[in-house]
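Subject: Handover of a structure and findings

Dear colleague,

Please find below the structure that I am handing over to you. My findings follow after it.

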Amino acid sequence: MGTHSASCAPVGSVLSGASKYTPLGSVTRMAQNEQGISTMHLVSYREHDAVRVMDELRSALASCTSYSMTFPTDTTFEKLRRTGDPHQGDERVSFRLDVVSRDPAGDSDPVRSLQSFQVIRSGSTVAVFDAIDMDAYRLKMIPAVLVTTQLNVLETGGHRR
């Protein structure tokens, strides 16, 4: 069905806005517009750790096609695949996946959704943008204005004011 979850760990870390490297700071925000809800995780690291986060994510995406988690729900992440990378930042990667969540008691049918991600490193900050659509056959796009606006702030140092 897929690759052992240990090789997929960097992907799982990105899903939660975390990694195995100690962050210097982080913030998570949700944005909503008429198209739906997107989440943004900004995580600051030492610059060499931020580079490692991106390297490990790219390596994981080269071999990881699916993996499962049992906490907080029984969830399988399937059909992981790279998509066209954004053009902002120092490094970038984007991907999508199918999320299948099951009731631990098995009392209901699984819930299937599509999720898309853009992960962009700007200096020592790794920005993770995601969008989800509960329609299992429609991919939700991350609002370009959200990505562009946040990357402009990171690249111009506006977050330090």
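Which pattern does the protein chain follow when read along the sequence? The order is α-β-β-α-β-β-β-β-β-α, and the secondary structure comes to three helices and seven strands. Helices (H or I, at least four residues) and strands (E, at least two) are DSSP runs, numbered from the N terminus.

Two remarks on conventions are in order. This is a predicted model, in which local features need pLDDT of at least 70 and side-chain atom pairs count only at pLDDT 80 or more, while totals for chains, interfaces and linings use all residues. Residues are numbered from 1 along each chain as its sequence is written, and side-chain values use heavy atoms, with hydrogens and water left out.

Overall values

Of the 161 residues in the protein chain, 43% are buried; buried means under 20% relative accessible area, exposed over 50%, and partly exposed in between (1.4 Å probe, protein chains only). The protein chain exposes about 8,800 Å², of which carbon and sulfur atoms supply 52%. Accessible areas come from the Shrake-Rupley method with a 1.4 Å probe, and for residues only the protein chains shown count as cover. Among contacts (heavy atoms within 4.5 Å) between residues at least 6 apart in sequence, 53% join residues at least 24 apart.

The disulfide

A search of the whole structure finds one disulfide, defined as a pair of cysteine sulfur atoms within 2.5 Å. The bond joins C8 to C64, with an S to S distance of 1.9 Å. The link of C8 and C64 is right-handed, with 110° about the S-S bond. C8 lies in the segment before helix 1 and C64 in the loop between helix 2 (47-63) and strand 3 (67-69), so the pair ties together parts that are 56 residues apart in sequence. C8 is buried, at a relative accessible area of 1%, and C64 also counts as buried, at 2%.

The buried residues of helix 1 are P10, V11, G12, V14 and L15. Helix 1 is followed by G17, which has a positive phi near 75°.

The structure holds one cavity of 30 Å³ or more, and about 40 Å³ of space lies in the largest cavity. The elements that give two or more residues to its lining are helix 1 (9-16) and strand 7 (125-133). The lining consists of S13, V14, G17, A18, V43, Y45, V53, V126 and V128. By class, these residues divide into seven nonpolar, two polar and no charged. Ala, Val, Leu, Ile, Met, Phe, Trp, Tyr, Cys and Pro count as nonpolar, Asp, Glu, Lys and Arg as charged, and the others, Gly among them, as polar.

On a 1 Å grid over the protein atoms alone, a cavity is a set of points where a 1.4 Å probe fits but cannot get out, and a pocket is an open set with protein on both sides within 12 Å along at least five of seven lines; lining residues have an atom within 4 Å of a point. Grid points are joined across faces, edges and corners, and a volume is the space filled by probe spheres set on the points.

The largest pocket

The largest pocket has a volume of about 220 Å³. Twelve residues line it, and M69, T75, F77, V99 and Q115 lie nearest its centre. Strand 4 (74-82), strand 5 (91-102), strand 6 and strand 7 each supply at least two residues of the lining. The lining has seven nonpolar, four polar and one charged residues. Strand 4 is also the place of K79, which has a positive phi of about 55° although it is not a glycine.

Individual residues

Q118 is in strand 6 (residues 111-122) and counts as buried at 18% relative accessibility. Leaving aside neighbours within four places in sequence, Q118 is in contact with residues including F129, I142 and V147.

I142 is in the loop between strand 7 and helix 3 (144-156) and is buried at 11% relative accessibility. I142 and F129 are 13 residues apart in sequence and 7.0 Å apart in space, C-alpha to C-alpha. Beyond four places in sequence, the contacts of I142 include S38, Q118, F129 and V147.

V27 lies in strand 1 (residues 25-33) and is partly exposed, at 28% relative accessibility. With neighbours within four places in sequence left aside, V27 is in contact with M40, H41 and L42.

Yours sincerely
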